Amino acid sequence: MVQIRSLEPFDEANVVDLWSEVFPDGALHNDPEASLKRKLEVDHDLLLVAVVDDRVVGTVMGGYDGHRGWIYSLAVLPKYRWRGIGSALIHEAEERLKSRGCLKVNLQVRASNESVVEFYERVGYHVEERVSMGKRLYD
């Protein structure tokens, strides 16, 4: 049985391991340890873990700036996919964002990651006509 809850300090190493496996992107802003540390400084209760048999098998981060909510770092270990864990994580993140007054949630997916786009469409998200722009503030 899966339990969805806020991250606890004893989960941190497992989350870093999970993100290292699921997100093999080497970009500085995606470094698992640094990302976790930064998130723990802001909206700690919006960093959720999925736990099965005392093992962290999934995560999601939510963010809210008072205008829109964001979903980041939805990750489920490959062995635990297709069990509803990703959907449960998204649902709990959305509920927590709604409780803060959030009316709209955004997320970004790499265009090449079609299976992830399909997942988000199954849980109610839609591709919007927008241009996503970014700027790295480091060299």
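Predicted model: local features only at pLDDT ≥ 70, side-chain atom pairs only at ≥ 80, totals over all residues.

Biologist: Why does Glu-92 count as partly exposed?

Modeller: Buried means under 20% relative accessible area, exposed over 50%, and partly exposed in between (1.4 Å probe, protein chains only). Glu-92 has 24% relative accessibility, and therefore counts as partly exposed.

Biologist: How many salt bridges are there by this rule, and which parts of the chain does the pair Asp-43 and Arg-100 link?

Modeller: The count comes to seven. The side chains of Asp-43 and Arg-100 meet at 2.9 Å, N to O. Asp-43 is in the loop between α2 (32–40) and β2, and Arg-100 in the loop between α3 and β5 (105–107), so that the pair links distant parts of the chain, 57 residues apart. Asp-43, at 22% relative accessibility, counts as partly exposed; Arg-100, with a relative accessible area of 32%, is also partly exposed.

Biologist: What makes Arg-130 and Glu-128 a salt bridge, and is Arg-130 buried or exposed?

Modeller: Their closest N and O atoms are 3.9 Å apart, and the pair forms a salt bridge. Arg-130 counts as exposed because its relative accessibility is 61%, whereas Glu-128, at 36%, counts as partly exposed. Elsewhere, salt bridges that share partners join Asp-43, Asp-45 and Arg-100 into one network.

Biologist: Why is β3 described as largely enclosed?

Modeller: Eight of the 10 residues of β3 are buried, so the strand is largely enclosed by the rest of the structure.

Biologist: How do you know that β3 pairs with β4?

Modeller: Two strands pair if DSSP finds at least two bridges between them. β3 and β4 have six bridges and pair in the antiparallel sense, with Gly-58 opposite Val-76 in β4. Six bridges also join β2 to β3, which run antiparallel; there, Val-52 stands opposite Arg-55 in β3.

Biologist: What is meant by the largest nonpolar core, and how many residues has it?

Modeller: A nonpolar core is a set of buried Ala, Val, Leu, Ile, Met, Phe, Trp, Tyr and Cys residues joined through side-chain atoms within 4.5 Å. The largest one has 34 residues, and those with the most contacts inside it include Trp-19, Val-60 and Leu-89. Its largest share, six residues, comes from β2.

Biologist: What makes the protein chain as compact as a globular protein of its length?

Modeller: The chain has four helices and five strands. Its radius of gyration is 15 Å, close to the 14 Å that the globule rule gives for 139 residues, so it is as compact as a globular protein of that length. The radius is taken over C-alpha atoms, and the rule is 2.2 Å times the number of residues to the power 0.38.

Conventions:
Residues numbered from 1 in each chain as written. Heavy atoms only, no water. Helix = DSSP H or I, 4+ residues; strand = E, 2+ residues; numbered from the N terminus. Salt bridge = Lys/Arg side-chain N within 4 Å of Asp/Glu carboxyl O.
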